[in-house]
Amino acid sequence: MASLLSLSLPKATSNIIKATTSTTTTALPDTLNEKFSRKGIKFSENDNKIPVVELKVRNGSSIRLQIPDAHVTSYKPKVYWKDDGFEEVLYTVNAATSDGAKARGGIGLVLNEVSDSAPKGTSLLSNSEWTVNDVDSDAIDALQVELSSSSGTLDITYVVTLYPVSLATAVIVKNKGTKDVTLTNAILSHFKFKTRKGAAIQGLRSCSYSSHPPLSSPFELLSPAEAMKADSSSDWFSFGSEPEEKPGVWTKQDVPFTILKNKLSRVYAAPPQERLKAFYNTPPSKYELIDQGRELFFRVIRMGFEDIHVSSPGSFSEKYGEEYFACTGPASILVPVVVKPGEEWRGAQVIEHDNL
């Protein structure tokens, strides 16, 4: 199987190893290391005895990926030239302190099947069993792990690739059945900010958007209902802020920055009715998150997805502590993806930076 990125993986063999919470044993990391470990790639268990793989490239940038649920819980790129110039990008609440058994936040893959009986979608990954298919590397300047899972007639592949200044997550969904499968999907990243006042996005000016809840996910920090609740602490009269309209009302962003200190939940996209035309405007393929407190920015690039989800918690972030976060990523929310029999659908997100 070849990934969506330039670093390709060899074809998957039968030597895949299951890594689920129900089948994990203390010997599993040793087995994974024996078959797949190489310089910069290490398998182990976290404090909750969940199998994880850690990738670390030559310049010290690293990620941590939980294998059973394909959850990226840490991304620490090198952003300063000093020896200890690494900063955690992701906001993750570990299982010991979150409202449930799983870690929340980080980077999570969302795949929901839409049907007449479940118009909002049913998660295809809630009971998934992810396996390690293979790993690949280019010296230690690029490291890649491929996981796979299945749900009904769908084969799902998730490829995570770390470079010195970027992190890519790519999904491939193949329909082996005889009927169409309709999906809503997303790769949602929870970014960490030093202060609430210093959180913003640049690059969405002139884009159409509408208030809309995020897709439900096992990794969510705010549920779709919580994301849409009003927040009395929001200051919509501050510079760069635009008041939220009711769901279903479309607005064009007039300001250069999307201020994230206020509570909002939006989908940036071409309205569905516009997509019926021969030509229509789509949201940009990339935009930047700005952390003014740490003087850092990170660029998010979408591939294969039609929409962009953006949400910020406002004062609701206080349920998890003093640090602030925002959730964003490429998505297909408003117009579901239809995967026909024998065909596949691909989507990806890249987080990159020029902070060095």
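F43 counts as buried because its relative accessibility is 2%, where buried means under 20% relative accessible area, exposed means over 50%, and partly exposed lies in between (1.4 Å probe, protein chains only). F36 also counts as buried, at 6% relative accessibility. These values belong to a predicted model, in which local features need pLDDT of at least 70 and side-chain atom pairs count only at pLDDT 80 or more, while totals for chains, interfaces and linings use all residues. Residues are numbered from 1 along each chain as its sequence is written, and side-chain values use heavy atoms, with hydrogens and water left out.

Aromatic pairs come next. Rings of Phe, Tyr and Trp (its six-membered ring) pair if their centres lie within 6.5 Å; planes under 30 degrees apart count as stacked, over 60 as edge-to-face and the rest as tilted. The count by this rule is six aromatic pairs. One of them joins F36 and F43, whose ring centres are 6.3 Å apart and whose planes stand at 50°, so the pair is tilted. W130 and Y158 form another tilted pair, with 6.2 Å from centre to centre and 50° between the planes. W130 lies in the loop between β9 (122-123) and β10 (131-138), and Y158 lies in strand β12 (residues 154-163), so this pair ties together parts that are 28 residues apart in sequence. Helices (H or I, at least four residues) and strands (E, at least two) are DSSP runs, numbered from the N terminus. Both W130 and Y158 are buried. Elsewhere, ring pairs link Y91, Y320 and F325 into a cluster.

Rings also meet charges. A charge sits over a ring if NZ of Lys or CZ of Arg is within 6 Å of the ring centre and within 35 degrees of the ring normal. K78 lies over the face of F86, 5.0 Å from the ring centre. K263 is placed over the face of F316, at 4.6 Å from the ring centre.

Side chains of opposite charge can pair when their charged atoms come close. In a salt bridge, a side-chain nitrogen of Lys or Arg is within 4 Å of a carboxyl oxygen of Asp or Glu. The whole structure holds 13 salt bridges. Among them is the one between E274 and K277, with the closest N and O atoms 3.1 Å apart. E274 counts as partly exposed, at 28% relative accessibility, and K277 counts as partly exposed at 45%.

Another salt bridge joins E288 to R299, with 3.4 Å between the closest N and O atoms. This pair links distant parts of the chain, eleven residues apart: E288 is in strand β20 (residues 286-291) and R299 in strand β21 (residues 296-303). E288 is partly exposed, with a relative accessible area of 22%, whereas R299 counts as buried at 11% relative accessibility. Salt bridges that share partners join E288, R299, E352 and D354 into one network. D291 and R294 also form a salt bridge, at 2.6 Å from N to O, and both residues are buried.

How confident is the predictor, and where does its pLDDT stay under 50? pLDDT is its confidence in each residue, from 0 to 100. The protein chain averages 88, and 88% of the residues score at least 70. Over residues 1-5 pLDDT stays under 50, and the model has 25 contacts (heavy atoms within 4.5 Å) beyond four places in sequence for them. Over residues 7-16 pLDDT also stays under 50, with 34 contacts beyond four places in sequence.
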